Each structure stands twice: as structure tokens, then as C-alpha cells.
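Trainee: Can you walk me through this model? Keep it short, please.
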Amino acid sequence: MYGKQIYFANQDQFDMVSDADHLGLDAKIMALAAKVQSLQRSCRYMETELKELTSVLTTPEMQEIQELKEECAGYTERPKNIKAATNHVTPEEKEQVYREKQKYCKEWRKRKRLATELCDAILEGYPKSKKQFFEEVGIETDEDYNVTLADP
């Protein structure tokens, strides 16, 4: 056979099996095969059940989702309450507030300019630096607190 050698076990060394024993072994094989199939089916069923259980959310996760839903409901309720409110600012009130803001900002700039001119006049004959003068007198500037005035 194509240059290959085939080896067989010597069958003479084995006992002869009767037909009854042969049939008994076949029945045993069939019973074990049926048992294997049954176990495989139950294993597949248990695997699918395990997959279902692992894909389901845990109790803490479900509680967190419920809390988030309640929080979201609160966020959707707030705009509804704002829209339903009857105490809206009228355009006249808005304009008045805007004018007052401009007035106060203008006054702020004016006073700041006057204060800097006064400090500059004092500093002309002062021997120390501007920063040291402000510390000695106790002057706090807008820059110390990072305050900027909005453009009009």
C-alpha cells in the first residue's frame, strides 16, 4: 500500500468474546451514550441559564438606575416649573437693571481713575515702590483680587 507498513495487534492473545457478552457491552454503551446526551442537554441548559443570570443587572445596579431615573425626572420637572412660573422679568425691568449696571460700572471706573491719579501723585515723591506704598497704607486693588470690569 503505497510503501507504507501497517501493524496489527496479534488477536490470538485476546480471549474470545461471546455474542451475549458482546450484546451486553453494546447495551451498556447505548445506556452510557444516552446518559452522556442527557448530561450534555442539562449542561447546555445550565449554561444558557448562567448566561441569562449574568446578563441580568444586579440589585445595586438596578437601585442606581432607579436613582438616576428619579434624578432625571427631577431635571425634566425643573424646566417645566420655570416655564410655568408667572413671575417672569419684564423687558422694562431687564432694561432698568442693565442701565443701573452701566451706571455703577461707570462710577466704579471713575472712582478707580481718581484713586490711581491720587496714588500716582503721592508716589512721585515717595521713596519706596508702589507695591510697598499700597501695603503700608492698606490699599487693596482690583488686581489683588482678580476683579475685572465688564466692557459696556
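**Rings, helices and charges**

Mentor: Start with Tyr 126, which counts as partly exposed because its relative accessibility is 22%. Buried means under 20% relative accessible area, exposed means over 50%, and partly exposed is in between (1.4 Å probe, protein chains only). This is a predicted model: local features need pLDDT of at least 70, side-chain atom pairs count only at pLDDT 80 or more, and totals for chains, interfaces and linings use all residues. Residues are numbered from 1 along each chain as its sequence is written, and side-chain values use heavy atoms, with hydrogens and water left out.

Trainee: How many aromatic pairs are there?

Mentor: Two aromatic pairs. Rings of Phe, Tyr and Trp (its six-membered ring) pair if their centres lie within 6.5 Å. Planes under 30 degrees apart count as stacked, over 60 as edge-to-face, and the rest as tilted. Tyr 126 and Phe 133 are edge-to-face, at 5.1 Å centre to centre with 65° between the planes. Phe 133 and Phe 134 are tilted, at 6.0 Å and 45°.

Trainee: Phe 133 and Phe 134, buried or exposed?

Mentor: Both are buried. Phe 133 has 7% relative accessibility. Ring pairs link Tyr 126, Phe 133 and Phe 134 into a cluster.

Trainee: New topic. At what angle do H3 and H4 pack?

Mentor: About 110°, with their axes 11 Å apart. H3 covers residues 91–123 and H4 covers residues 130–137. Helices (H or I, at least four residues) and strands (E, at least two) are DSSP runs, numbered from the N terminus. Axes are lines fitted to C-alpha atoms, for helices over the stretch in contact, and angles run from 0 to 180 degrees between N-to-C directions. H3 and H4 are therefore roughly perpendicular. The cut-offs are under 35 degrees for roughly parallel, over 145 for roughly antiparallel, 65 to 115 for roughly perpendicular, and oblique for the rest.

Trainee: Which residues meet there?

Mentor: From H3, Cys 119, Asp 120, Ile 122 and Leu 123. From H4, Lys 130, Phe 133 and Phe 134. Contact means heavy atoms within 4.5 Å. By class, that is five nonpolar, no polar and two charged residues. Ala, Val, Leu, Ile, Met, Phe, Trp, Tyr, Cys and Pro count as nonpolar, Asp, Glu, Lys and Arg as charged, and the others, Gly among them, as polar.

Trainee: What does Leu 123 touch?

Mentor: Leaving aside neighbours within four places in sequence, Leu 123 contacts Ser 129, Lys 130 and Phe 133. Leu 123 is buried, at 17% relative accessible area. The C-alpha atoms of Leu 123 and Phe 133 are separated by 7.9 Å, and the two are 10 residues apart along the chain.

Trainee: Now charges. How many salt bridges?

Mentor: Five salt bridges. Each needs a side-chain nitrogen of Lys or Arg within 4 Å of a carboxyl oxygen of Asp or Glu. One joins Asp 142 and Lys 112, at 3.4 Å, N to O. Asp 142 lies in the segment after H4 and Lys 112 in helix H3, so this pair ties together parts 30 residues apart in sequence.

Trainee: Asp 142, buried or exposed?

Mentor: Buried, at 19% relative accessibility. Lys 112 is partly exposed, at 34%.
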